[in-house]
Amino acid sequence: MNSLIIGTSGHIDHGKTALIKALNGFEGDKMEAEIKRGITIDLSFSNLKNDSANIAFIDVPGHENLVKTMISGAYAFDAAMLVVASDDSLMPQTKEHIEILSILGVKSIILVITKCDLTDKTKQKKVEAEVKDFILNYKNLEILQTFFVSIKDKPSIDELKNYLFTLKPKERESGVVTRYYIDRVFSLKGIGTIVTGSLVEGEIKKNEKLVCLDLDKVVSVRSVQVHESFLNLATSPNRVALNLTDIPTSMLAKGQILSKKGFFRGFKEVDCLFKGEISHNQNVIFCIGSRQVSAKCTILSDKNKEKFVTFKFNKAVFAKFNEPFVVLANSRVIGGGKVLNPVSEPLKKSEKINLLLSLSQKDFKKAFEILSSFHRHGFGIISSYQRFGIEHEKALLIALELKNVFVDKDSLCIYSNQALQDLKNTIKFIISKNEFAVFSAQSIALRINWASQSLTALALNELEKEGLVEKNGLLFIKKGVDFSKIKESLNDKIYTILENSSLAPQAPYNIYDELDIDRQTGDNALKALTRAKKVVRLAHNLFITSSNLNLAMTKLRNIIKKDGKVNVANAKNELGLSRKFIISYLEYLDNFGDIVKSDNDRMFVD
């Protein structure tokens, strides 16, 4: 079944609500009755269906409600019914609603001239001409067809209804990530938390897990309902009610977003293409989805009627590339546009303007070049869906077209040539400081958090070609150094470090970092020392030399001689060691035949 969303717009008292009632019998907002019926999603929303199509209406009677509620699903609208009374013609609110439709990219308009029982054909045609003439100011709007109706004239209503069923939904992108804007939250006895809202992208399944981005909390979808029908799957665009579990009603609020985990991050500023009148540093209300948030405007570039603007917020906003927004000042619409950069970037003004210019033209290759140059140690494309509205696969294909970069296909990261050179310099420094250093691509990547293992492997291979390092199995060492001597030297160095640590030996990974050696090499050295009985392993990551272990046992026995027993408390007091070490030494003490354990105490056998 085709699913369409059609919004209404127009001046107050021009007959929008009456028109919806004539089309489908819906009486308007009946919140109390709605709750008594169960999970429904009427609250200014209703639908009209036949065997092949379901049309969801969003009927918003007032200007503020239009901005607060309609935006949440507006860029998923298939069309908008612009309602103009034939006895009144174009009014200020009609014009404002047309501006909003243009800002939000709702291109298709069905012009409905209402109250035709009160006027003659000449007046009705004059009103139509006035509206069409005004809409010519907005190049992205198109009037699909005009209808002259009266709620008292059933044939005129039927003609409009039949036409609506001929409309086809816009083509939707496949593989999009779920995005659901909450616009209402309440609780029903015996059912629990209910949210209603607009599923603007993706789909929601019964019993699946979603994350509330604003709370970073996972919720479960117990049931899904679309216009009074329970479904196993709801697809966008649609008005959807959800019964959620694992979260109390009090935590949820209008404007929050439900989505899949890992695709969106929140930021306290976004860079946008703005159309309208706005001043530098002006305080405004930024409306995106069903959320309204206070913002301060920073104008980056002002050319003609279009501006590149940064909006800064007090709270994080989870915006997406090309997402529409409307801006209010003093409760009036002053403009709006599209989000270009939803991710905060500390770029210089000139760099940011160049980035926004490429994004406004959807020149992602140029955007990638700018960002990979700025992010010296790697620019990740894993967030490409939020940042550019494209999936990882497409982002990767674009990245592979870039020159003078290394693209790590596994970690989805683009590295500049400077990153590769910085990494090679780091490895050179390691071997200059310690000629017996042993390392691998994995150990270097773990040590340098910005470098992926693939980039590290490339750096090591290039250094090998340059004759600075050589490979021994999976490990690398300085060129010309005898690997057998490295092993002997490492054993001695590790033993010396453990011996000097006395009764509080360093953890192996700290020793490996100190010696600039690979974990595998260090583990092999410790195993060799353990086989030679120079070192004893007491617990995970706890190795001690045999001489120091004997010292520990002697000290514990001296405590027994003095106090008649030894336990965690008096051993910590006497030895000044942490509980971790004391417990390991006491457990080792239990291996001796002259020691008996009683509860938590150790004593000599009588």
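S4, H4 and S5 form a right-handed β-α-β unit, where right-handed means that, with the strands pointing away from the viewer, the path from the first strand over the helix to the second runs clockwise. The helices here (H or I, at least four residues) and strands (E, at least two) are DSSP runs, numbered from the N terminus. This is a predicted model, so local features need pLDDT of at least 70 and side-chain atom pairs count only at pLDDT 80 or more, while totals for chains, interfaces and linings use all residues. Residues are numbered from 1 along each chain as its sequence is written, and side-chain values use heavy atoms, with hydrogens and water left out.

**The β-α-β unit**

- Strand S4 covers residues 79-85, and seven of its seven residues are buried; buried means under 20% relative accessible area, exposed over 50%, and partly exposed in between (1.4 Å probe, protein chains only).
- Which residues of S4 point one way, and which the other? Ala79, Met81, Val83 and Ala85 take one side, Ala80, Leu82 and Val84 take the other, and all are buried.
- S4 pairs with strand S5 (residues 108-114) in the parallel sense, over six bridges; for two strands to count as paired, DSSP has to find at least two bridges between them.
- Within that pairing, Leu82 has Leu111 of S5 as its bridge partner.
- Ser108 sits in strand S5 and is buried, at 19% relative accessibility.
- Leaving aside residues up to four places away in sequence, Ser108 touches Asp78, Ala79, Ala80, Glu142 and Leu144; contact means heavy atoms within 4.5 Å.

- Cys116 is in the loop between S5 and helix H5 (121-135), and with 13% relative accessibility it counts as buried.
- How far apart are Cys116 and Val149 in sequence and in space? They are 33 residues apart along the chain, and 5.7 Å apart C-alpha to C-alpha.
- Val149 is also one of the residues that Cys116 touches, together with Ser86, Gln124, Phe148 and Ser150, again not counting residues up to four places away in sequence.

**The barrel**

- Six strands make a closed barrel in the order S16-S19-S18-S17-S20-S21, with antiparallel pairing.
- On average, neighbouring strands of this sheet are turned by 45° against each other, direction ignored.
- H4 (residues 92-103) packs on the sheet, where it touches S20 (324-329) and S21 (332-341), and its direction makes about 0° with that of S21. Axes are lines fitted to C-alpha atoms, for helices over the stretch in contact, and angles run from 0 to 180 degrees between N-to-C directions.
- S16 (residues 267-276) and S19 (residues 306-317) run antiparallel and are joined by eight bridges; Asp271 has Thr310 of S19 as its bridge partner.
- S16 also pairs with S21 in the antiparallel sense, over six bridges, and Cys272 stands opposite Val339 in S21.
- S20 and S21 run antiparallel too, joined by six bridges; here Pro324 stands opposite Lys338 in S21.
- S21 is mostly covered, with eight of its ten residues buried.

**Positive phi values**

- As background, most residues other than glycine have a negative phi.
- Asp13 lies in the loop between strand S1 (2-10) and helix H1 (16-24), and is exposed, with a relative accessible area of 63%.
- Asp216 is another non-glycine residue with a positive phi, near 50°. Asp216 is found in the loop between strand S10 (209-212) and strand S11 (217-226), and counts as exposed at 57% relative accessibility.
- Asn330 takes a positive phi near 55° in the hairpin of S20 and S21, which has two residues between the strands.

**H14 against H16**

- Helix H14 (residues 483-500) and helix H16 (residues 519-531) pack at an angle of about 75°, their axes 9 Å apart.
- H14 and H16 are therefore roughly perpendicular to each other; angles under 35 degrees count as roughly parallel, over 145 as roughly antiparallel, 65 to 115 as roughly perpendicular and the rest as oblique.
- Which residues make the contact? From H14 they are Leu490, Asn491, Ile494, Tyr495 and Leu498, and from H16 they are Thr521, Gly522, Ala525, Leu526, Ala528 and Leu529.
- By class, this contact of H14 with H16 has eight nonpolar, three polar and no charged residues. Ala, Val, Leu, Ile, Met, Phe, Trp, Tyr, Cys and Pro count as nonpolar, Asp, Glu, Lys and Arg as charged, and the others, Gly among them, as polar.
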